[in-house]
Amino acid sequence: MYRPAVFTFLLFFLLSCTTKKKDTLKEHPYTNDLIHETSPYLLQHAHNPVNWKPWNDETLDAAVSSNKLMIVSIGYAACHWCHVMERESFEDSTVAVAMNSNFISVKVDREERPDVDQVYINAVQLMTGHAGWPLNVITLPDGRPIWGGTYVPKENWINTIEQVQKIYETEPQKLIEYATKLEQGIKSMDLVSLNTNEIDFSNYSTQPIIETWKQSFDARFGGHRRAPKFMMPNNIAYWLRAAVENNDTNLLNHVNLTLEQMAYGGVYDQIGGGFARYSVDEKWHIPHFEKMLYDNAQLVSLYSDAYLVTKNPLYREVVEETLNFVASQMTSPEGAFYSSLDADSETAAGELEEGAYYVYDESELRSVLAEDFGIFKEYYNINSFGKWEEENKYVLIRDKSDAEICKAFSLSSDDLQQMKTKWKRNLLNFRNKRPKPRLDDKTLTSWNAWMIKGYVDAYKAFQNEKYLQAALKNAQFLVAKQLQKNGVLYHNYKEGKSTINGYLEDYAAVIQAFIGLYEVTLDQQWIDTSKALTDYSFQHFFDNEVNMFYLTSDQDKKLISRNFEYRDNVIPASNSVMAKNLFVLSHHFNDAHYAQTATQMLLNVQPEMEQYPSGFSNWLDLLSNYQSKFYEIVVVGPEAEEKVSALNNRYLPGKLIAGANSSVDVPLVKGRFVEGKTLIYVCVDNTCKLPVTNLAAAIKLVSN
């Protein structure tokens, strides 16, 4: 592994060997090709004076044939700092001349092309020690990076590209040597070795990992002691499971503190529902205002599960409001889910500003709320606690429960609920008169699958039929539009057109979602499709030597490196999701190969898992399946769906559900149908207790 400091030094040395180019730059014709793209992010840049090209074979071939350096600029539609750099640099004619004179400039939507993003984010991480978006990289004509950074002010950007071009003209061999060394470093990242150690995961203690985790907990606002603060739902989901299964009251208290404070904070849209991407402060107050589908999908699942454990009405409220937001603003008539809402929106003066749609000054609140303002002010902290320090405005934040407000103002619970409903309705109407944040209306298969899972988990917790129908409608959309007859998934959908070959994240997320749909509907098509997609993934993504899955298919054009995505982040890694899928499907289909692969994948990450648990929480959730009995609950008979609904309404993470209302020839159900009876079998590794007809008796068997 090459250390970032080495590359930083080499890059500094190269740039310091030249002086700023002084000769006059020549104008070039305006040929921005992004106008032909469908990505909202690319279309945002379609009228820049920069001669942007999309990432495709034609562009890459043109770079090689012209022997020009490439500028690869990567971002996404909801990214605030991407917009800032566009305003300052990419809309500026001086910058455009500098870029157009010597470079082929390529714009990439990181959400459409996570493979390209992964290569260059790793490169910038190596070069500078940190990375983010906008991500700007200068490469040789063959795509190998030689300079990289994130947001760069205008003058620095011009100086940088001119200096790199000067080196390329006068001492190209230095850049080629640097690119070769950096390429080796990139290829060494995100690789996994086959772990041949024998580990008994049933006796593997995770308590030291959890105790280490606890040392970083924020005892006041939940989550970790840090700012900015990302919600990391897969971390909290694992804490919830570990707390319940280990009877760890302190850990459960921290989960509840975290979920409560997130729901109280400005990171949660108190008026319109749904979560922003993260908060810039430790108290979840000031969000980075973009709303991403994947965050809200996972948080719906998390709050639904937490409700099953606690029955906290706040958690139900969060789920209901978030799904109302998704249904009203993030769902197409086809049942597809859109990707994001922008952090920026227009002010009254017509200028884009971060958070403009969501914040209020006191006079606006007094005008809208009238006689209710006094209670509202206390409820949402229209005071120093809720003030946005940089503006004379407020981002709504709570620090008291409904019960505390009722006591302080001598209100009944019903009175307060009616007030809250009126406040939210009136303020939503008020802010909807403002220009709304821009919508990224592309559909990503993986993110849609996470939203299916969110709807399914909400259906389990609250038995609301419209949640199941939304999940089914989206699943049917994915099968109709994104799943091809040859078993290949598309990654992207926009304006009736499916594009881009699917990545592992698409297969893993869809498999997971369809397993979930099967477990609430008992419709065999969903589990069968999951198996078919799994077998396709083995054929085109699997590395037989390491026993891990590549991010990209062997059908895709090769990039600088083909690596594995295995560290969990704000979205669980595609390999951890796939490993969990294999574990569950091995039980459904009695498939030893699936089971052995899941175990080997967990073994492969085990050494790093102990060092950095926050990056392996979804793997730790898989590990929990080995630490105690994993139950196969099979329900067969005419009342199977009713019994399954009741089972799903309980927090039982170490189990799967299978069943049918008639005789079916599948491994877990075969031979278990008895005419006229609905029987519940509780099994471990296909060895079952005597069937029971009573739900309470079945739950008791799982609890023992």
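Not counting residues up to four places away in sequence, which residues does D457 touch? In this predicted model, D457 touches S301 and S304 once residues up to four places away in sequence are set aside. D457 is found in helix α18, which covers residues 445–462. Its relative accessibility is 6%, and because buried means under 20%, D457 counts as buried.

**Overall architecture**

The protein chain contains 26 helices and 24 strands. Its radius of gyration is 27 Å, close to the 27 Å given by the globule rule for 704 residues, so the chain is as compact as a globular protein of that length. Taken along the principal axes, the box filled by the C-alpha atoms is roughly 85 × 70 × 50 Å.

Of the 704 residues, 60% count as buried. The accessible surface of the protein chain comes to about 28200 Å², and carbon and sulfur atoms hold 49% of that surface. Among contacts with a separation of 6 or more, 70% are made by residues 24 or more positions apart.

**Strands and their pairing**

Strand β4 (residues 135–139) pairs with β5 in the antiparallel sense, over 4 bridges. Within this pairing, T139 stands opposite P145 in β5. The hairpin of β4 and β5 has 5 residues between the strands, and G143 takes a positive phi near 95° there. Strand β5 (residues 145–149) is mostly covered, with 5 of its 5 residues buried. In a regular strand, side chains alternate between the two faces of the sheet.

An open sheet of 3 strands has the order β9-β10-β15, and its pairing is antiparallel. The edges of this sheet are β9 (291–292) and β15 (439–440); each has a single partner strand, so one side of each is left without a neighbour in the sheet. Strand β10 (residues 340–341) and β15 pair over 2 bridges in the antiparallel sense. L341 stands opposite L439 in β15.

**Salt bridges**

Side chains of opposite charge can pair when their charged atoms come close. The structure holds 40 salt bridges.

| R113 | D115 | 2.9 Å |

The side chains of R113 and D115 meet in a salt bridge. D115 is buried, with a relative accessible area of 5%.

R434 is buried, with a relative accessible area of 16%. E364, at 23% relative accessibility, counts as partly exposed.

Salt bridges that share partners also join E317, E321, R398, D402, K420 and K424 into one network.

**The surroundings of E317**

One member of that network, E317, lies in helix α13, which covers residues 313–329. Is E317 buried or exposed? At 16% relative accessibility, E317 counts as buried. The side chain of E317 makes a polar contact with the side chain of K420, at 3.1 Å. Leaving aside neighbours within four places in sequence, E317 is in contact with Y268, Q417, K420 and K424.

Technical notes
Residues are numbered from 1 along each chain as its sequence is written. This is a predicted model: local features need pLDDT of at least 70, side-chain atom pairs count only at pLDDT 80 or more; totals for chains, interfaces and linings use all residues. Side-chain values use heavy atoms; hydrogens and water are left out. Buried means under 20% relative accessible area, exposed over 50%, partly exposed in between (1.4 Å probe, protein chains only). A polar contact is a pair of N or O atoms within 3.5 Å; within protein, one must be able to donate a hydrogen and the other to accept it, and residues adjacent in sequence count only if both atoms are side-chain atoms. Contact means heavy atoms within 4.5 Å. Two strands pair if DSSP finds at least two bridges between them. A salt bridge is a side-chain nitrogen of Lys or Arg within 4 Å of a carboxyl oxygen of Asp or Glu. The radius of gyration is taken over C-alpha atoms; the globule rule is 2.2 Å times the number of residues to the power 0.38. Accessible areas come from the Shrake-Rupley method with a 1.4 Å probe; for residues, only the protein chains shown count as cover.
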